[in-house]
Amino acid sequence: MAANASAVDRATVRVDVNGERIEQEVDVRLTLADFLREKLDLTGTHLGCEHGVCGACTVQIDGQAVRSCLMLAIQASGRSVRTIEGVSDGTELSPIQQAFWDHHGLQCGFCTPGMIIATEDLLRANPNPSRVEIREGMSGQICRCTGYQKIVDSIEAAAAVLRGEEPPPAPSTGSDRASAPAATAEG
Ligand code: FES
Ligand code: FES
């Protein structure tokens, strides 16, 4: 007996995204990344490689970092998704976002949403990582711009703040600090 194509190809996803209950009928082949970006307009989740290598699409599912390009939207049904849009509290940057800003942990910013989400995951598991542990923990997140040094600096500073300690001093700030993120880059 021939299958009903429409019933097979579409399903309802019921998911909590950044605290909001979402219910939508979707193509069963729609990835979670495309669902977030195209159906919910949460375009802070970036797509780089689209096959699980770069980490740009990292979000949290039930508090754990996952690559949303490798997951179907319907697989998130019944679960809780947190994207970069859910990280800050209104206009206030989270401590991790602030540390990336203060320590020049980004240049073009393409990798940054995934970096921030992955950093939350890393610091939850290990609140006081060494620089080697930071590099190991973030090894699945690819950045084409920074050379990683300043990302490690940022995560080290964020970890200190989250432990309630004084963070390492931020690099000296010039007039460029008020400009676009690209202006925070060092050669
Ligand atoms: Fe998902 Fe690269 S876009 S890992
Ligand atoms: Fe440009 Fe990481 S890819 S800041």
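1. Basis of the note. The model is predicted, and local features are taken where pLDDT is at least 70, side-chain atom pairs count only at pLDDT 80 or more, and totals for chains, interfaces and linings use all residues. Residues are numbered from 1 along each chain as its sequence is written, while chains are lettered from A and ligands numbered from 1 in the order in which they are written.

2. Overall make-up. The protein chain contains six helices and five strands, where helices (H or I, at least four residues) and strands (E, at least two) are DSSP runs numbered from the N terminus. Their order along the sequence is α-β-β-α-β-β-β-α-α-α-α. Of the 187 residues, 36% are buried; a residue is buried if 20 or more other C-beta atoms lie within 10 Å of its own, exposed if 12 or fewer, and partly exposed in between, with C-beta atoms placed from the backbone. Among contacts with a separation of 6 or more, 60% join residues 24 or more positions apart, a contact being two residues whose C-beta atoms, placed from the backbone, lie within 7 Å.

3. Helix H4. The 14 residues of H4 (residues 112-125) should span 20 Å at 1.5 Å a residue, and the end C-alpha atoms are 20 Å apart, which agrees; the expected span is 1.5 Å times one less than the number of residues. This helix is mostly covered, with 11 of its 14 residues buried, among them Met115, Ile116, Ile117, Leu122 and Leu123. The buried residues of H4 pack against strands S3 (58-61) and S4 (64-67) and against helices H3 (95-102), H5 (131-137) and H6 (149-162).

4. Helix H6. For the 14 residues of H6 the span should be 20 Å at 1.5 Å a residue, and the separation of the end C-alpha atoms, 20 Å, agrees. Its buried residues include Lys150 and Asp153 as well as Ile151, Ile155 and Ala158, and the buried residues of H6 pack against H3, H4 and H5. Gly164, which follows H6, has a positive phi near 80 degrees.

5. H4 with H6. Two packed helices are described by the angle between their axes and the distance between the axes. The axes of H4 and H6 are 11 Å apart and the helices pack at an angle of about 50 degrees, where axes are lines fitted to C-alpha atoms, for helices over the stretch in contact, and angles run from 0 to 180 degrees between N-to-C directions. That angle makes H4 oblique to H6; angles under 35 degrees count as roughly parallel, over 145 as roughly antiparallel, 65 to 115 as roughly perpendicular and the rest as oblique. Met115, Thr119 and Leu123 of H4 meet Ile151, Ile155, Ala158, Ala159 and Leu162 of H6. By class, this contact of H4 with H6 has seven nonpolar, one polar and no charged residues, counting Ala, Val, Leu, Ile, Met, Phe, Trp, Tyr, Cys and Pro as nonpolar, Asp, Glu, Lys and Arg as charged, and the others, Gly among them, as polar.

6. H3 with H6. The axes of H3 and H6 come within 8 Å and cross at roughly 140 degrees, and the two helices are therefore oblique to each other. Pro95, Ile96, Ala99, Phe100 and Asp102 of H3 meet Ser154, Ala157, Ala158, Val161 and Leu162 of H6. The residues of this contact of H3 with H6 divide into eight nonpolar, one polar and one charged.

7. H3 with H4. Here the axes come within 10 Å and cross at roughly 125 degrees, so that H3 and H4 are oblique to each other. Ile96, Gln97 and Phe100 of H3 make the contact with Thr112, Ile116, Thr119 and Glu120 of H4. The residues of the contact of H3 with H4 comprise three nonpolar, three polar and one charged.

8. Gly44. This residue lies in the loop between helix H2 (32-39) and S3, and with 18 C-beta neighbours inside 10 Å Gly44 counts as partly exposed. Gly44 and Ile84 are 40 residues apart along the chain, yet their C-alpha atoms are separated by 6.0 Å. Leaving aside residues up to four places away in sequence, Gly44 touches Thr83, Ile84, Glu85 and Pro113.

9. Cys54. The loop between H2 and S3 also holds Cys54, which counts as buried with 22 C-beta neighbours inside 10 Å. Cys54 and Cys143 are 89 residues apart in sequence and 8.0 Å apart in space, C-alpha to C-alpha. Not counting residues up to four places away in sequence, Cys54 touches Gly48, Cys49 and Ile142.
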